[in-house]
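Please keep the sequence and the model at hand while reading.

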Amino acid sequence: MIIEDIKKRVEKGEKVKILFVCLGNICRSPAAHGVMERLVKEQGVADQFEIDSAGLYGGHAGDLPDSRMRAHARRRGLELTHRSRKVRESDFDRFDIIVAMDDSNYDQLRAMAPTPEDEKKVVKMADFFTQHPWADCVPDPYYDGAQGFENALDLIEDGCFTLLKQVLAK
Ligand code: 4NP
């Protein structure tokens with residue numbers, strides 16, 4: 001299991017590199033990126049982690065996160081300043097774990113992985129939901145109203161918290 005490999009990195013004092021991926025890299029994955037950066041700071045382990053996000057669709061490359069996601073995140077005290085970028089093949093080498101927001105992202109990432117080892121790095125955010133056990137993905141809020149953005153942030157906070165907890169568990 002990839003989490004066990006990552007725990008070994010933490011034990012050895014090696015940096016853990018996490019990439020969050022969605023479709024546009026303007027709503028869900030930059031939010032996960034911001035949430036996880038805040039969590040590692042709060043836990044006093046920021047120097048042990050490198051966090052980034054990217055999208056499978058490159059059409060928003062260079063853009064700030066969607067203004068609606070920025071506004072909803074700001075209400076939770078998070079400033080999202082990431083600039084969208086497309087996933088690249090070298091990400092599979094650079095990152096230790098690649099967290100997909102939904103099944104489509106997951107399938108595309110697994111298909112893109114250059115090696116079977118790299119394929120194992122791809123996981124679903126839903127695997128880490130503990131407060132929302134009925135949810136099976138972070139749904140794309142792009143065409144939704146405010147509730148979609150709040151729901152996405154609730155799921156992302158839940159998944160990031162549990163992922164970090166698992167990685168840091170002794
Ligand atoms: P995201 O949302 O994948 O959470 O960043 C989307 C943003 C833009 C598009 C799709 C999803 N789009 O097709 O432009």
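## Basis of the description

Helices and strands are DSSP runs, a helix having at least four residues and a strand at least two, and they are numbered from the N terminus. The model is predicted.

## Helix α3 and its buried face

Helix α3 covers residues 67–74, and its buried residues are Met69, His72 and Ala73. Seen down the axis of α3, these buried residues fall within an arc of 100°, so they line one face of the helix. An α-helix has 3.6 residues a turn, so residues three or four places apart point the same way.

The cover over the buried residues of α3 includes α2 (28–42) and α7 (146–168). At the start of α3, the backbone nitrogen of Arg68 has a side-chain oxygen of Asp66 within 2.8 Å.

## The packing of α2 and α7

Two packed helices are described by the angle between their axes and the distance between the axes. For α2 and α7, the axes come within 9 Å and cross at roughly 45°. The two helices α2 and α7 are therefore oblique to each other, and their crossing is right-handed.

On the α2 side, the residues making this contact are Arg28, Ala31, Ala32, Val35, Met36, Arg38, Leu39 and Val40. Helix α7 contributes Leu153, Ile156, Glu157, Cys160, Phe161, Leu163 and Leu164.

Arg76 belongs to the loop between α3 and α4 (91–94). Is Arg76 buried or exposed? Its relative accessibility is 19%, and buried means under 20%, so Arg76 counts as buried.

The side chain of Arg76 is joined to that of Glu150 by a polar contact of 2.6 Å. Leaving aside residues up to four places away in sequence, Arg76 touches Arg38, Glu150, Leu153, Asp154 and Glu157. Among these neighbours, Arg38, Leu153 and Glu157 also take part in the contact between α2 and α7.

## Ile98 in strand β3

Ile98 is found in strand β3, which comprises residues 97–100. With a relative accessible area of 1%, Ile98 is buried.

Which residues does Ile98 touch, not counting residues up to four places away in sequence? They are Leu19, Val21, Asp91, Phe92, Leu109, Lys121, Val122 and Val123. As for Val122, its C-alpha atom is separated by 4.7 Å from that of Ile98, although the two residues are 24 residues apart along the chain.

Terms used
Residues numbered from 1 in each chain as written. Predicted model: local features only at pLDDT ≥ 70, side-chain atom pairs only at ≥ 80, totals over all residues. Heavy atoms only, no water. Buried < 20%, exposed > 50% of the residue type's maximum accessible area, 1.4 Å probe, protein only. Arc of directions from axis to C-beta. Contact = heavy atoms within 4.5 Å. Polar contact = N/O pair within 3.5 Å; in protein donor to acceptor, adjacent residues only side chain to side chain. Axes fitted to C-alpha atoms, helices over the stretch in contact; angles between N-to-C directions. Parallel < 35°, antiparallel > 145°, perpendicular 65-115°, else oblique. Left-handed = near helix turned anticlockwise from the far one by under 90°.
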